[in-house]
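This briefing accompanies the model displayed below. The points that follow are grouped by topic for reference while inspecting the coordinates.

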Amino acid sequence: MNNADNPINPILELTGVGIEFPTPKGPFKALTDVNLKIAKGEVISLIGHSGCGKSTVLNIVAGLLQATEGGAVLEGKEVNEPGPERAVVFQNHSLLPWLTAYENVELAVKTIFDKNKTKAEMKEWIEYNLNLVHMSHAMHKRPDEISGGMKQRVGIARALAMEPKILLMDEPFGALDALTRAHLQDSVMEIQKDLGNTIIMITHDVDEAVLLSDRIVMMTNGPSATIGEILKIDLPKPRNRIELADDPRYNQYRQQVLSFLYEKQRKVEPLSNNHKLSKDKAKTA
Amino acid sequence: MTSKIPTSSNSSSADLSSSNIKSLRSITDDVMPLWLQDTIKTIMLPVIGLLFFLLIWGTAAQSIDTSLGKFPGPTQAFEQFQSLMTEHNEERVKEAAFYQRQDDRNAARLEQDPTYQVKIRNYTGKPTFIDQIGTSLITVLTGFILASIIAIPLGIMIGLSKNLYAAANPVIQLFKPVSPLAWLPLVTMVVSAVYVSDDPIFAKSFVTSVITVLLCSLWPTVLNTAVGVASISPDLINVSKVLRLKPMTHVFKVVIPSSIPMVFTGLRLSLGIAWMVLIAAEMLAQNPGLGKFVWDEFQNGSSNSLGRIMVAVIVIGLIGFLLDRIMLMLQKFFSWDKQALLR
């Protein structure tokens, strides 16, 4: 593993993280010995084949799953339950369908800043965050009245409104079409540039990983998945997808990720194993 | 809602049809605009169905002889309905006259003797068919509302905890299929023993009927609420966890709104059962509602009785239908998912 790029003063530190799920056939080790240090303001992508435990890593950081070995430490405090300082942007937006975009963000803001903000400040903060994701025009629409990309924007606004120390994004754009996805990637880059958020993002998309990340964490295939390689993306920010398309370094990074995924970690699935894997996926999802 | 069914069948038949049928269709389309066709279908088809039913009822009734004469057809039932209305109106006139006489008498007594304490006596005439409908509605709603007050929180608790669900499920499954007739003797005895008061606010027959209705209409709401609560999307639960919502906030902001559709499904089923159970309960408990009406007419055995029972049958059906529609309207009002197809 490449440890040279690990930062000296990390905001988040994963040490020897492993997890075992009990199954009727005995314990199933999904993840083993994951070590990762993330600096403040860094954007990290987790990439790997499905079932490799990317989501499990994210859920452990989020506190939604408990590591059975090792642990995650955020700013010197061990993570053992979910909390707003580790806001999650879920793959399928997870907005409360009976609330408008505004009310969805409001629920988060009211819960978190219950005592620290006045009503007017809360309103301003909610509107500010919706504005960040360019959703001011549809604040008072309910999720079923807006498009998938807009829903995901609201999901991001809700997460940002929690003022998280670290923003966790679980395949945030996976369910969107390519054009919408590009728009949202641009939005995230823009917001990250302005606010300097620390982000861990799960993705399947090699271009997305190279475009957005400071480092790409490539995971080996499960069971007992772990970090295979870490690739540092040394491209100047802000990045522009059109200019990068011709950039030899960009293409080289892309090629490195692809070769990891399709040569080193080529997924050969015997048919009989499918069942087990899909079960594992269901658990880690 | 029903207006959509003919349109969709139109289009599918147009797709399938040969050019021959297509030309026929376009002729009717020219003569009659589509909305008119739709209206005719939405109004005419139910009317045709009802007429067909009346025809079968009328013919079948002709050929059934009972010890109380011929089985009542639609005409006899309608006559009985009219006579029930007349009786009701006469009773109301009598009642008004009674109170008038009482007031006059009291006024006269007061004039003679200013210290006289006025006594007002209630009119104690026989309840009419309309009164009995009123009693039945009050009884069923009391039972149903009490059942809902118990069932919804219970269902939420059961739905929130897998362990509680596992523990409660056998009990629910055991009592769910129990007929009201089995509960009634037990309820009657318990009410007689426990509900003892010199000046009872409610009649025992009323309390017995309410409790029986409650016991039978509890289960669909409990089960559906529990299922609704248990099947909340895990993502929404994760949102709640990440926000660290307090348990009560979680229940009110996430659990209840997201299970509202299932709660209402349960409530509608419960109200349907409550109404069915009520008639049986009133028959046996002698609560002066529709059930007692049917039973009294049956015991009475006059040549009009069967006709009157038939009126009661139709009224019971109609009220049950209306109660269901009202619940549906409430469900639509409270449901956040306005697109969901509710029928």
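**Helix packing in chain B**

Helix 11 of chain B passes helix 12 of chain B in a left-handed crossing. The model is a predicted one.

*Helix 11 and helix 12 of chain B*

- The axes of helix 11 of chain B and helix 12 of chain B, the latter covering residues 305-334, come within 9 Å and cross at roughly 165°.
- Angles over 145 degrees count as roughly antiparallel, and helix 11 of chain B and helix 12 of chain B are therefore roughly antiparallel to each other.
- Helix 11 of chain B contributes L290(B), F293(B), V294(B), E297(B), F298(B) and N300(B) to the contact, while helix 12 of chain B contributes S305(B), R308(B), I309(B), A312(B) and I316(B).
- Seven nonpolar, two polar and two charged residues make up this contact of helix 11 of chain B with helix 12 of chain B.

*Helix 10 and helix 11 of chain B*

- Helix 10 of chain B packs against helix 11 of chain B (residues 290-300) at an angle of about 55°, and their axes are 7 Å apart.
- The two helices, helix 10 of chain B and helix 11 of chain B, are therefore oblique to each other.
- The crossing in which helix 10 of chain B passes helix 11 of chain B is right-handed.
- On the helix 10 side of chain B, the residues are L278(B), I279(B), A280(B), A281(B), E282(B) and M283(B); they meet L290(B), G291(B), K292(B), V294(B) and W295(B) in helix 11 of chain B.
- Sorted by class, the contact of helix 10 of chain B with helix 11 of chain B holds eight nonpolar, one polar and two charged residues.

*Helix 7 and helix 10 of chain B*

- Helix 7 of chain B (residues 180-194) and helix 10 of chain B pack with their axes 10 Å apart, at an angle of about 40°.
- Helix 7 of chain B is therefore oblique to helix 10 of chain B.
- Helix 7 of chain B passes helix 10 of chain B in a crossing that is right-handed.
- P180(B), L181(B), L184(B) and T188(B) of helix 7 of chain B meet V277(B), A280(B), A281(B), L284(B) and A285(B) of helix 10 of chain B.
- The contact of helix 7 of chain B with helix 10 of chain B comprises eight nonpolar residues, one polar residue and no charged residues.

**Contact between chain A and chain B**

- In this contact, 15 residues of chain B meet 17 residues of chain A.
- At least two residues each of the side of chain B that touches chain A come from helix 9 (234-242) and helix 10 (247-285) of chain B.
- With six residues, helix 9 of chain B gives the most to that side of chain B.
- The side of chain B that touches chain A divides into eight nonpolar, two polar and five charged residues.

**Chain A: overall form and domains**

- Chain A has nine helices and 10 strands.
- The radius of gyration of chain A is 19 Å, close to the 19 Å that the globule rule gives for 285 residues, so chain A is as compact as a globular protein of that length.
- The C-alpha trace of chain A spans about 55 × 50 × 40 Å along its principal axes.
- The domain assignment divides chain A into domain 1 (1-78 + 166-285) and domain 2 (88-163).
- A separation of 25 Å lies between the C-alpha centres of domain 1 of chain A and domain 2 of chain A.
- Domain 1 of chain A gives 16 residues to the contact, and domain 2 of chain A gives 13 residues.
- Strand 7 (167-170) and helix 5 (178-195) of chain A are the elements that give two or more residues to the side of domain 1 of chain A that touches domain 2 of chain A.
- Helix 5 of chain A gives the most to that side, with five residues.
- By class, the side of domain 1 of chain A that touches domain 2 of chain A has 10 nonpolar, four polar and two charged residues.

**Backbone features of chain A**

- Most residues other than glycine have a negative phi, and most peptide bonds are trans.
- K237(A) and P238(A) are joined by a cis peptide bond, with omega about -5°.
- P238(A) lies in the loop between strand 10 (227-232) and helix 7 (241-244) of chain A.
- S94(A) is not a glycine, yet has a positive phi of about 50°.
- The loop between strand 6 (88-89) and helix 2 (101-112) of chain A holds S94(A).

Key. Residues numbered from 1 in each chain as written. Chains lettered and ligands numbered in written order. Predicted model: local features only at pLDDT ≥ 70, side-chain atom pairs only at ≥ 80, totals over all residues. Contact = placed C-beta atoms within 7 Å. Helix = DSSP H or I, 4+ residues; strand = E, 2+ residues; numbered from the N terminus. Nonpolar A, V, L, I, M, F, W, Y, C, P; charged D, E, K, R; others polar. Axes fitted to C-alpha atoms, helices over the stretch in contact; angles between N-to-C directions. Parallel < 35°, antiparallel > 145°, perpendicular 65-115°, else oblique. Left-handed = near helix turned anticlockwise from the far one by under 90°. Domains from an automatic or database assignment. Rg over C-alpha atoms; globule rule 2.2 N^0.38 Å.
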